[in-house]
Every structure is written in C-alpha cells, then in structure tokens.
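Keep the structure in view as you read.

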Amino acid sequence: MSYRPYQQIERRKSRQIHVGRVPVGGDAPITIQTMTNTLTTDAAATIAQIRLSELAGVDIVRVSCPDEESTAALAEIVREVNVPIVADIHFHYKRAIEAARAGAACLRINPGNIGSPERVREVVRAAREHGCSIRIGVNAGSLERHLLEKYGEPNPDALVESALEHAKILQDHDFHEFKISVKASDVFLAVAAYQQLAEVCDHPLHIGITEAGGARAGTVKSSIGLGNLLWAGIGDTLRVSLSAEPAEEVRVGWEMLKTLGIRHRGVKIISCPSCARQGFNVIATVATLEERLAHIETPLTLSIIGCVVNGPGEALMTDIGITGGGNGRHMVYAAGKQDHTMPADRMVEHIVELVEARAESLQAEIDAQKQAAD
C-alpha cells in the first residue's frame, strides 16, 4: 500500500474461498493463474510446463480435462507440482467427479451445461467430499440460447444474468465455495460485465479478457481491460489469456500487478526508450538484464537510464540506478545517491552482482521481520 493518495486502490470487498491452500477473495492477495496447452494425457509434458510457470511465479494452474484419459493423468500431475490445479470441465459431469477424486483443487464448470439437476447435485457432492471449490465460467462466446434470444446478442446484462443463474444453482445446493468469471474477447463488454457483476454480488471474481490474441496484441488488450478493472479494485484472481506459452501469461500478469503496486515480485526495471544521448545500448542492456535477473523473487527496483537528463531523478525512486556517462564509465546510484562509477565493459556483470547482493540483503530483512512477527 502506497502512502501517496493518488496511488491508492480501494479493493472491492468479496467473500473468501480457497483453491487448495491458496485463498481467493477477501483480504487475500490477488492471485495469478495460467492454463496449460499440452495434452493433459501427456503428464510429463504438462508437469514440465507447470513447473516453468511456477518459476515465473504462478499461483494457480488450470488443466483441461476433456476425456477420461485426461482425468486419469490428472492424479500424477497434481502429485508432481507445487501449485493447486483447476480442472477445466465442459458438459461431461463425470469428468468433474473424476477430477475431484484425482485431487483437483477446483472445478471450472458451468452448472447450466452439466446436465440434469441430479448430475449437478453429484458434481457438487464430489466437490464437497474432496474439498474442491468451483469456478463458474461464463463466456460471451457460449451464452445460453434463452439469454441470446432475450437480449439479441452477448451483452453485459446477459453475461451477468447467466452468472447469477449459475450461482443460484450452486447456492440451492448449499454450496458457496465458488468464484465467477464473465469473460469476453471484447474489452468493453468484459469490463462492463465485470463492473456490473461486482455491484450486485460479493462472490470472488476471476477476471480475464478471453482469447486476447498473441503475445504483443494480447498483452496490450489484456492490460487495458484488466488494468481498468484492477485500478477500480475489481478482481480477486486473474489470467492473461495469450496465444503464447503459459509462463509468459504469468510474467505479464505479474507486470500488471507490479505496475499498479498491488503485488511485488522480482526486479522491476525502469528504463528509458533510449535516444542519441545514450551512453550505452539501453535496449540491449535491458533485454539481457531481464533474462539474467529473472531468477530473483525478492522485490526490488532497478533504473537503467541512458543519460543524465532523467537518470538521477529516476535513481531517487529505485533501489539501484544506472545512468550513462562519458569516457566509457557510467554512474551507479544506491538508494537514490551517487555511489560509484563502473566501466562499460563490465556493466552487465556488475549490475547483476549488485542486484543479487541487494536482493539477498533485502530478503534477509524480510525473513527477520517474519521471524520477529512469529
């Protein structure tokens, strides 16, 4: 939480549920999700993909379970990873029951497309018996026929009505461990639907812009939609849906939360776009540092500025700052103050050493504070 009033975000109050050991909603941190794109039946490949996402900082991973072979593989996947798994289920109620038995922490379903009331009852019974929560996943691309006939097209009212109808089905079975999403590929539609839903219920919300596109276009689209919602305090867990590797979705999600000061993880790099004044190749340096520093989880800030116009000012706000200078030497700032110069030919290595040392020091302070609190 920032001490600057203009940086404050007042988060919507919601009930809290759990996805495995991860709390969602209430005062819990906003969590980041992704979804595997391997064949679930290829347990080894799916596990490997989840582990890469874990390294990127994922909190929850969703796995598609379209058939019995997939739910059979789910038990091994759950056993071999360190994050809770959401089983993505459509239409086949038996897959949901199998997934719950296999250790899924959450079932992503639409109660309305599971089938008869008895089938819904069986899914809810399995979820309750095995400690699963449920995500009601409403999507503009698959709205119920009666809502399309009523509204003529997918719109915010239709998405919200669908979500509340599904929620009532679970509530009628006295099941309340669920969250809701109302996704659309259209940013305006998705944001409006989430805003409307947030006003009429206190269920935890899973936010996302579905089918956002490739890495670049999808990141921009998701940032506009999710950034709008997060800034308004809406959202308890999120997924950035990209036609890209799951770990990339996680990294983009973290950048969103870090930018808004909601959660902090790893090195936040502030860098200039570079110009003719730059004392070193800023773009290449930043690209290299992003890769070299990706292993650091401790939150800290690093400014990489090519010249003295904005460098000293940016360094005031970061743990470590670098400003391009002349004669093959560049200035290093520590906690906003000039500390020493470094030679250009060792710049990247020197920065990595400085950041790793600072991260180790900060982590020691964090650990000591936790021990004192305990």
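The helices α6 and α7 cross in the right-handed sense. This is a predicted model. Their axes lie 8 Å apart, at an angle of about 45 degrees. That angle makes α6 oblique to α7.

**Helices α6 and α7**

- Helix α6 covers residues 156-172, and helix α7 covers residues 187-200.
- On the α6 side, the contact is made by Pro 156, Asp 157, Leu 159, Val 160, Ala 163 and Leu 164.
- On the α7 side, Leu 189, Ala 192, Ala 193, Gln 196, Leu 197 and Val 200 make the contact.
- What kinds of residues make up the contact of α6 with α7? Ten are nonpolar, one is polar and one is charged.

- Strands of a sheet pair through backbone hydrogen bonds, either parallel or antiparallel.
- Strand β5 (residues 85-88) pairs with strand β6 (residues 106-109) in the parallel sense, over three bridges.
- Within this part of the sheet, Ala 87 stands opposite Leu 107 in β6.

**Helices packed on that sheet**

**Strands β3 and β4**

- Strand β3 (residues 31-35) pairs with β4 in the parallel sense, over three bridges.
- Gln 33 stands opposite Ile 60 in β4.
- Is strand β4 (residues 60-64) mostly covered or mostly uncovered? It is mostly covered, with four of its five residues buried.

**Helices α2 and α3**

- The axes of helix α2 (residues 68-80) and helix α3 (residues 93-102) come within 8 Å.
- They cross at roughly 15 degrees. The two helices are therefore roughly parallel to each other.
- The crossing of α2 and α3 is right-handed.
- From α2, the contact takes in Glu 68, Thr 71, Leu 74, Ala 75 and Val 78.
- From α3, it takes in Arg 95, Glu 98, Ala 99 and Ala 102.
- The residues of the contact of α2 with α3 divide into five nonpolar, one polar and three charged.

**The sheet of five strands**

- Another open sheet has five strands, in the order β11-β12-β13-β14-β15.
- Its pairing is mixed.
- Strands β11 (267-271) and β15 (337-343) stand at the edges.
- Each has a single partner strand, so one side of each is left without a neighbour in the sheet.
- The twist averages 20 degrees from one strand to the next.
- Strand β13 (residues 320-323) and strand β14 (residues 329-334) pair in the antiparallel sense, over four bridges.
- Thr 323 stands opposite Met 331 in β14.
- Helix α10 (residues 282-292) lies across β11 and β12 (300-305).
- Helix α10 runs at about 160 degrees to β12.

Methods: Residues numbered from 1 in each chain as written. Predicted model: local features only at pLDDT ≥ 70, side-chain atom pairs only at ≥ 80, totals over all residues. Heavy atoms only, no water. Axes fitted to C-alpha atoms, helices over the stretch in contact; angles between N-to-C directions. Parallel < 35°, antiparallel > 145°, perpendicular 65-115°, else oblique. Left-handed = near helix turned anticlockwise from the far one by under 90°. Contact = heavy atoms within 4.5 Å. Nonpolar A, V, L, I, M, F, W, Y, C, P; charged D, E, K, R; others polar. Pairing = 2+ DSSP bridges. Buried < 20%, exposed > 50% of the residue type's maximum accessible area, 1.4 Å probe, protein only.
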